[in-house]
Structure formats: C-alpha cells, structure tokens
There are 2 protein chains.
Amino acid sequence: MAAHAVVLGCGMVGATIARDVATDPDFSVSAIDVDAARLKTLDGIPRVQPQRVDLSDPSRLREAISRADVVLGALPSRFGFQTLKTVIEAGRPCADISFMPEDVMKLDALAREKNVTAIVDCGVSPGLSNFFVGRSYAELERTDRAAIYVGGLPRERRWPFEYKAPFSPYDVLEEYTRPSRLVENGRLVVRPALSEPELMDFPGVGTLEGFNTDGLRTLLATVSIPFMKEKTLRYPGHAELMRVFRETGLFSETPVEIRGAKVIPRELTSRLLFPLWTGQDGETEFTVLRVVVEGTDAGESVRHEYDLFDETDLATGQSSMARTTGFPCAVFGRMLARREFADPGVFPPELLARDVLVFDHVIHALRHRSVQIRVTRQTLGNAEPA
Amino acid sequence: MAAHAVVLGCGMVGATIARDVATDPDFSVSAIDVDAARLKTLDGIPRVQPQRVDLSDPSRLREAISRADVVLGALPSRFGFQTLKTVIEAGRPCADISFMPEDVMKLDALAREKNVTAIVDCGVSPGLSNFFVGRSYAELERTDRAAIYVGGLPRERRWPFEYKAPFSPYDVLEEYTRPSRLVENGRLVVRPALSEPELMDFPGVGTLEGFNTDGLRTLLATVSIPFMKEKTLRYPGHAELMRVFRETGLFSETPVEIRGAKVIPRELTSRLLFPLWTGQDGETEFTVLRVVVEGTDAGESVRHEYDLFDETDLATGQSSMARTTGFPCAVFGRMLARREFADPGVFPPELLARDVLVFDHVIHALRHRSVQIRVTRQTLGNAEPA
C-alpha cells in the first residue's frame, strides 16, 4: 500500500515538496493550503490531492494529518512552531522547513515522549548547511572552525539593490537587523547583522560579499566547534546600502508620528521595496552555499569544503530557492515514511549527518535532481597540538 | 538721520543680515520674527531692535515696514513671494533671499509701476553665482558657456551621508527631486536632479561631486548663453545614496497606505534624516562656489573662473552658509537704503553685475568680511568664429 504524505502549506517551497514526493509511485500526497490559488498550481499532478483547509484551526490540522505516514511542514515561519507542536502531539513523523523564530529544540522532550521523529530546519540554510557541518564534525577528530556562506540571487544585476527577495522584504529586513550570534574561542559572540563584510569568489558567479546574519541556529547547541560563523551572500554593495538604510532608521520598528498617524518605518520601507525586490516572470536566479570546516584528522590539519550551486529550472519554472529548500525536506520525508530513520526526538540535519549512509543518500538524491554539489577534502599538513 | 532697515525673518540668515547691517552706525535695524526664541539671539546688539510680529498677517507686515528705508527679506521660501509682493505694493525698496519657488520676475511690472527697486535671489546661490555669471556676460563679446558649482558641507565627513543640511531635510530632498533645467545649444533641456555626476577638485577641500539641480532660475530668462548648467556639490557618494533613496520611493510625495493611514514617504524620510543631517554645536562647515564662464573677448577665447570659499566663523558661530547668503543681501540692502541703486523693477544679481562699480563694491565688501574670492581671467588663444 502507498505511503501517505501530507504537505502543509503550498507556497513556492511547499508545492515543490509535494511535486517531488509525488514523483514516487509509492506515495500519495495531500497538499494543503488555505489559499485556493496556490492549490490550483498543483491541479492535475498524478498522486497529488490538493485540499483547501485553514490550518490555523488545530482541530482541522489534526484531522488533515490523521492518516499521514509523514507530515511535511512548509508554512510561513510565524505558524511553524505551533503547527509542529500539534503534529508531534498527534504522533506523526514530520520534516519541517518553516524557519520558525522559536527554539525548535524545545519540542525535543515532547517528541521523545510521543515517540515521534521530527526533522527540523531541513531546507538549504538552515538545512544542508547544518548537514555539511554535521558530516565533517562526525568525521574529524577535532573540529576547529565552521563557516557557512549562503545566498539566493538574481542572475541579472539591476541597480541599485542587485537583489530579488524569494520571500517578503519584511523578512529579509529582519535578517538585516537581528543580531548575529557566532562562536569565537568557544564562546557565544553577538555582532550586528550586516557586519564584517568579506569578498569571496564563486566560479560561474563572480565575486560576492558575505556578511554576518543570525543563521547558526541549532548548531549553537548541537555541536561544539570553537569558531563558527554564518554569512549571507549578496552582490557587493548591497550590504552597504542596507547598512545605510538601517542607520537612517528605515528598518526601525519604533513608530514615528507623522501627521498624527503612527508609522513603523520598516513597514513603509518593505512596502516600497516590494516591487523592486519581486522577481519578474522569466528572470532566473541561483543559490550558492559554501560550507568550510577545518580541523584535525589522523594528526593532520584538514579542510573540508562543500560547494552547492543551483539555478532556476527553466523546464518547471521552479526557483533554485524552492528546489534547494524543498528537495532536502522531500528526501528526508520519504525516509521517515519508510521508517528508514525512526529515532524519537527533534533532529536538525547536523545530527542526521552523523550517519554516513543517510548523508550519502541525501547528496545522491540532490545530485539526481541536478543540484550541483562538490565536496573537497584537503590535507594541509601536520596539525599543531590543540 | 540714520537709515532704517527692517529684516523680515530672524533665522540663521536673517540674524546674520541684521547683525551685519547694524555694524554700520548710520543704520537702525528692526529685526522681526514670530518666534521669540529666534529674536533672543539678537538681544543686546547695538542698533538692533528685535520685534515679535506675525508676518503672515499682511496688515501687520505693512505696519512693520511702514518706516523702512529698505526691507531685507529672509523668510522661509513658502512665504517669500507673497511677502515680497506686499513689500513692493507698499513702495519699499527691498533685497530678498527667501528662495521662493515662484517666478519672481512676475513682480517686475508691479515694481516698475510702484517705482520700487527689488533685488531678489541675492544670497550665495542663487545670488553670487548669478552675480559672477552676469559680470562675465557683461564683459565678454560673446558668452558661450556658464557653469555654476555650489555646495555647503560639513568639515567632518561622517558615514553614511557626509552631509549636514543648513535647512530642513525636506527642502534638500526637494533639490534632489525637482527636474533640473539647463541650457544646451541655446535650448532649455530638462534632466533629472542628481544626474550627470562630475568629480572636481577644490584646494583645501579635496574632491567633490557635482550633479544637476534646478539652480539656474532667473538666469534662464535674463541672459542668453547657449550652454548653462548648475550643479550642487557634495562629497563623492552622497548623490548615489540619494539616487538609491529616490529609486526606492523614499522621496515620493504619493501617499502609501500603511495600516489604514496614508503616509507620504518623503515626510517619513525627512523626519528620519533630520537628526542625522543636523549639525551639532562646534561642528564646522564650509561653502564652496565655483563659476566658470567661457566665451570670446577681442577675438580670443577666454575663460573666467570665480572661486569663493568660506567657513564657519568660530568667533561668532555664524555658519558659512549664513554668512555667504546674508552678507550679499546686507550689502545690497545698504546700497538701496543709500539710493546708490534706485532703478525701478525686479533685479536678480546678474543684472546688477553689469555695473562694474557695483560688482567691485560687493566683492570688496565680502572680502572685507573674510569671504575668500578669487577671480581668474584666462586667455586660451584665438577664438574660432561662432
């Protein structure tokens, strides 16, 4: 009998997850959203059953997932935590990419109690970035440094921002304001977002600029690496403009009174940026992810580099952001439905990567979907003692 | 008997005019403003009588100027035109620096009818810029080009704008949005503000960037020069940020609805810029004005360059902007009170500069007040026929 997957949320990423799982004849997929227009994009796809349900109602959510062998969460971040909690309480295995602001590990005890496996933050970054760090962390005797660089960018660079947002500008501005947590000398350090710009070259792309954002998330708790940082990549110059906007107060959430009305500057700014940051039909974009891990193996200094590249799939129109976020979730989801991984608890990808078979399976599956992944392991010579 | 001068508006520039005229023992000065705090800065100055009057009431304005030998207008631009009209109707000679948006030459017929002399736009730019162009225009057989470059800047360059506004940021943003009228091949051409950036070096200052603004004003009608442009000077990079802000819609005057309230983006932007663009006590600023006029004299190509430089007067705390705007007005005002110039009509400075005695008198008076002015007349060789 076919396994049953329920996809919660059919935005760009959720739809990609539903389509991907449904390519497997062993699966039937319920694709759920409150918005009929979104569901329409999934009409006529074999083995996909679009269903219009208001998932903000917990009883309807419970009903929707009652027959699920696996639940795949792709709702907007503000619904992520509560939805995942309901899914775990209902005893359903799940994989989630909703990028919730809450600390998802707080659901670990509940998942163990309910004997449920929940794979979380399993997109591209958070997601594959954690997966790569976790793999090296498992392989190395001692891990000294991990650095994550990630960005989704339009191919065409248009003045002045050279950027299109794969999600709401308001959420992008949140990335540009939330203090960035990093690890230095084994200690948590907080730096302003957009700080410490660094230029880096990417083959086929050119020079990009990375800057601190708050992207380490679960890695801050799950691994012990004395130096860790996560940087977002943009075309050079973008970050400087964003620093200027922030300095001017345009990202502020403190209301300003204008003619008697209280105005939140960030709301006006994101409203104005919306048309400028929205990709047009036919525009192509790409995603780059580079993870560099340094440490010691068999007494030698080693450097592991993971380079991922993906671009808009012109055949399906799927963006690289939807592909690289949705595919890992779909692959993990299939593993869960088949009970290939069934440990109880909340698992971010770095913990799954400890199993080399799981790691190789996911990398293979992504490459099969034309996501380019290059892994380089370099030996740098004798290591100095720690 | 002492001549009586009435100064309308005692902001930074008006106060400078009042103090300057009052240094002359032959004058008594009434300094008028609606704001008691502004008047307080003039307390105890010999020969200055501060008076609190609401000048938006025409009958009070008429009463205030009824005994004036000369009226010196330094009100905010939005009150300029109506005030000047009332002063002319009252038959009082006047010099004005209010930078009104209206075409001031429309008052010429009225001034002639009332047999009144009105010297207008007589600050630094408009003002001395016109004066310099007008002098060369009078001297040369044929004038081919006139270019005006002007800016007021802080000595200390602070990221990100490297700018302090001598007046409200809202008015500066108006300069950055109003289409710039220039003359090319004898025809009026309109270009966007902030366009055609040009780097130029200024001794003691460094490299500045000029860009088109709408500063030719009366020169568009009073002289016939086939190429004319006016550019505002800022530290390099400022204009690019302003272009980005404008492109984003932050200077727009079209309301945007945010949570039911209609918000004019330019109002929020200027509100946010206000603290960043306000000079602090002890900060020094400077003003540069360069006017280049090219043409033919006695069969030879010639180039006239006028370079003006002024900076904050640390002794009085007067800004260079207040000094270079206020002094010409004060000097013209004294000439009017003494009837040294009494032709009826509206006169922008380019028309007054036709008289070399008037020109030399003003330059002498400015140098006497430590404003640096250098005039260079270069012969470039045989001129080609027109």
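Is Ala298(B) buried or exposed? In this predicted model, Ala298(B) is exposed, because its relative accessible area is 64%, and a residue counts as exposed when that value is over 50%. The residue sits in the loop that runs between strand β15 (285-297) and strand β16 (300-311) of chain B. Although Ala298(B) and Leu140(B) are 158 residues apart along the chain, their C-alpha atoms are separated by 8.4 Å.

The overall form of chain A may be considered next. Chain A contains 13 helices and 18 strands. Its C-alpha trace spans about 65 × 55 × 40 Å along the principal axes. For 386 residues, a compact globule would have a radius of gyration near 21 Å, and chain A agrees with this expectation because its own value is 21 Å. Of these 386 residues, 56% count as buried. Among the contacts in chain A with a separation of 6 or more, 68% are made by residues 24 or more positions apart. The chain exposes about 16,400 Å², of which carbon and sulfur atoms supply 49%.

Charge is the next topic. Side chains of opposite charge can pair when their charged atoms come close. Over all chains, a search of the whole structure finds 68 salt bridges.

One of these pairs joins Asp108(A) and Arg112(A), with a distance of 2.8 Å from N to O. Both residues belong to helix α5 (residues 108-113) of chain A, where they stand 4 residues apart, about one turn of the helix. An α-helix has 3.6 residues a turn, so residues three or four places apart point the same way. Asp108(A) is buried, since its relative accessible area is 16% and the limit for a buried residue is under 20%.

Arg266(A) and Glu174(A) form a salt bridge in which the closest N and O atoms are 3.0 Å apart. Arg266(A) is buried, with a relative accessible area of 4%, whereas Glu174(A), at 25%, counts as partly exposed.

Another salt bridge connects Glu162(A) with Arg157(A), and here the closest N and O atoms are 3.0 Å apart. Arg157(A) is partly exposed, at 41% relative accessibility. Salt bridges may also be joined into a network, as they are for Arg145(A), Arg290(A), Glu294(A), Arg303(A), Glu305(A), Asp307(A) and Arg374(A).

In chain B, helix α9 (residues 238-248) is mostly covered, with 8 of its 11 residues buried. Among the buried residues of this helix are Leu241(B), Met242(B), Val244(B) and Phe245(B). What do the buried residues of α9(B) pack against? Their partners in chain A are α9 (238-248) and α10, while those in chain B are β11 (206-212), β12 (227-234) and α10 (265-277). The covering of this helix therefore involves elements of both chains, as the buried residues have packing partners in chain A and in chain B. Just after α9(B), Gly249(B) takes a positive phi of about 100 degrees.

Most residues other than glycine have a negative phi, and most peptide bonds are trans. Asn115(A) is not a glycine, yet it has a positive phi of about 55 degrees. Asn115(A) is placed in the loop between α5 and β6 (117-119) of chain A, and it is exposed, with a relative accessible area of 53%. Arg339(A), likewise not a glycine, has a positive phi of about 60 degrees. Arg339(A) lies in the loop between α11 (320-337) and β17 (345-347) of chain A and counts as exposed at 54% relative accessibility.

Cis peptide bonds complete the account. The bond from Trp159(A) to Pro160(A) is cis, with omega near 0 degrees. Pro160(A) is found in the loop between β7 (142-154) and α7 of chain A. In chain B, a cis peptide bond joins Ser125(B) to Pro126(B), with omega about 10 degrees. Pro126(B) lies in the loop between β6 (117-119) and α6 (128-139) of that chain.

Definitions and conventions: Residues numbered from 1 in each chain as written. Chains lettered and ligands numbered in written order. Predicted model: local features only at pLDDT ≥ 70, side-chain atom pairs only at ≥ 80, totals over all residues. Heavy atoms only, no water. Salt bridge = Lys/Arg side-chain N within 4 Å of Asp/Glu carboxyl O. Helix = DSSP H or I, 4+ residues; strand = E, 2+ residues; numbered from the N terminus. Buried < 20%, exposed > 50% of the residue type's maximum accessible area, 1.4 Å probe, protein only. Rg over C-alpha atoms; globule rule 2.2 N^0.38 Å. Contact = heavy atoms within 4.5 Å. Areas by Shrake-Rupley, 256 points an atom, 1.4 Å probe, with all protein chains shown as cover.
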